[in-house]
Amino acid sequence: MSAISRISTNTPWEPIVGYSRLVRADDLVAVSGTTATDERGMIVGAGQMYVQARQALVNIRTALERAGLAMHHVIRTRMFVTDMARFAEVARAHKEFFADSPPASTIVEVRRLAHPDMLIEIEADAYAGTASSQTATAKPKASSKPKPASKSAKKPASKKPARGK
């Protein structure tokens, strides 16, 4: 049976909804949707997408550190924003935290979040296994000339109309 540990913070929504900020089940770590709250649970950066994105990422980093992990352990993020037109602000903050070890990532626009002052919520999944945590980026080999067509490739369809019977 796997060991499961849970870490909670002082946001006001955790006891109301009944969730943990972070749950670790063996090597898999899930960080709940995290917003721009400070250490007292107050929303920071009203109207400032970049500030809120950074604060949410700081909060994720803090939760990971409490579990003995770091941002380079993150393998996936999901970002929920209330205004996709402000994508550049979100991207800037995300890149500041993940430029050296970029996770798989998704960003979607939502109509609203739990509080009207919230502009962004970020989830993160991390891997805490013993495998090497160093970044290895696979790069496709550059080819100087196109590959020849395979002999098994289908011939293009004939331009002649089909004969009716």
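1. How many Å apart are the end C-alpha atoms of helix α3, and what span should its 12 residues have? Helix α3 covers residues 87–98, and at 1.5 Å a residue it should span 16 Å; its end C-alpha atoms are 16 Å apart, so the two values agree. The expected span of a helix is 1.5 Å times one less than its number of residues.

2. Some notes on the basis. This is a predicted model, in which local features need pLDDT of at least 70 and side-chain atom pairs count only at pLDDT 80 or more, while totals for chains, interfaces and linings use all residues. Residues are numbered from 1 along each chain as its sequence is written, and side-chain values use heavy atoms, with hydrogens and water left out.

3. The secondary structure of the protein consists of three helices and six strands. Read from the N terminus, the order of the elements is β-α-β-β-α-β-α-β-β. Helices (H or I, at least four residues) and strands (E, at least two) are DSSP runs, numbered from the N terminus.

4. Of the 165 residues in the protein, 31% are buried. Buried means under 20% relative accessible area, exposed means over 50%, and partly exposed lies in between (1.4 Å probe, protein chains only).

5. Back to α3. Its buried residues are V90, A93, H94, F97 and F98. They cover an arc of only 120 degrees around the axis, which means that they sit on the same side of α3. The arc is that of the directions from the helix axis to the C-beta atoms. An α-helix has 3.6 residues a turn, so residues three or four places apart point the same way. On the face of α3 turned away from the buried side are the exposed residues A88 and K95.

6. Now the strands. Strand β1 (residues 4–7) pairs with strand β2 (residues 22–25) in the antiparallel sense, over four bridges. Two strands pair if DSSP finds at least two bridges between them. In this pairing R6 stands opposite V23 in β2. Strand β2 is also joined by four bridges to strand β3 (residues 28–34), and these two run antiparallel as well. Here R24 stands opposite V29 in β3.

7. Most residues other than glycine have a negative phi, and most peptide bonds are trans. D26 lies in the loop between β2 and β3, in a hairpin with two residues between the strands. With 42% relative accessibility, D26 counts as partly exposed.

8. V74 lies in strand β4 (residues 74–81) and is buried, at 4% relative accessibility. V74 and A126 are 52 residues apart in sequence and 4.0 Å apart in space. M49 belongs to helix α2 and counts as buried at 0% relative accessibility. M49 and R86 are 37 residues apart in sequence, with 7.1 Å between their C-alpha atoms.

9. The loop between β3 and α2 holds T37 and also G47. Is T37 buried or exposed? T37 is buried, with a relative accessible area of 4%, whereas G47 is partly exposed, with 47%. The C-alpha atoms of T37 and M118, 81 residues apart along the chain, are separated by 9.3 Å. For G47 and D117, 70 residues apart along the chain, the C-alpha separation is 7.0 Å.

10. Last, a pocket. Rolling a probe the size of a water molecule over the atoms shows where empty space is left. On a 1 Å grid over the protein atoms alone, a pocket is an open set of points where a 1.4 Å probe fits, with protein on both sides within 12 Å along at least five of seven lines; lining residues have an atom within 4 Å of a point. The second largest pocket has a volume of about 250 Å³, where a volume is the space filled by probe spheres set on the points, and points are joined across faces, edges and corners.

11. Which residues lie nearest the centre of the second largest pocket? Of its 16 lining residues, these are T9, N10, D38, N59 and T62. Helix α2 (residues 49–66) gives the largest share of the lining, six residues. By type, the lining has two nonpolar, 10 polar and four charged residues. Ala, Val, Leu, Ile, Met, Phe, Trp, Tyr, Cys and Pro count as nonpolar, Asp, Glu, Lys and Arg as charged, and the others, Gly among them, as polar.
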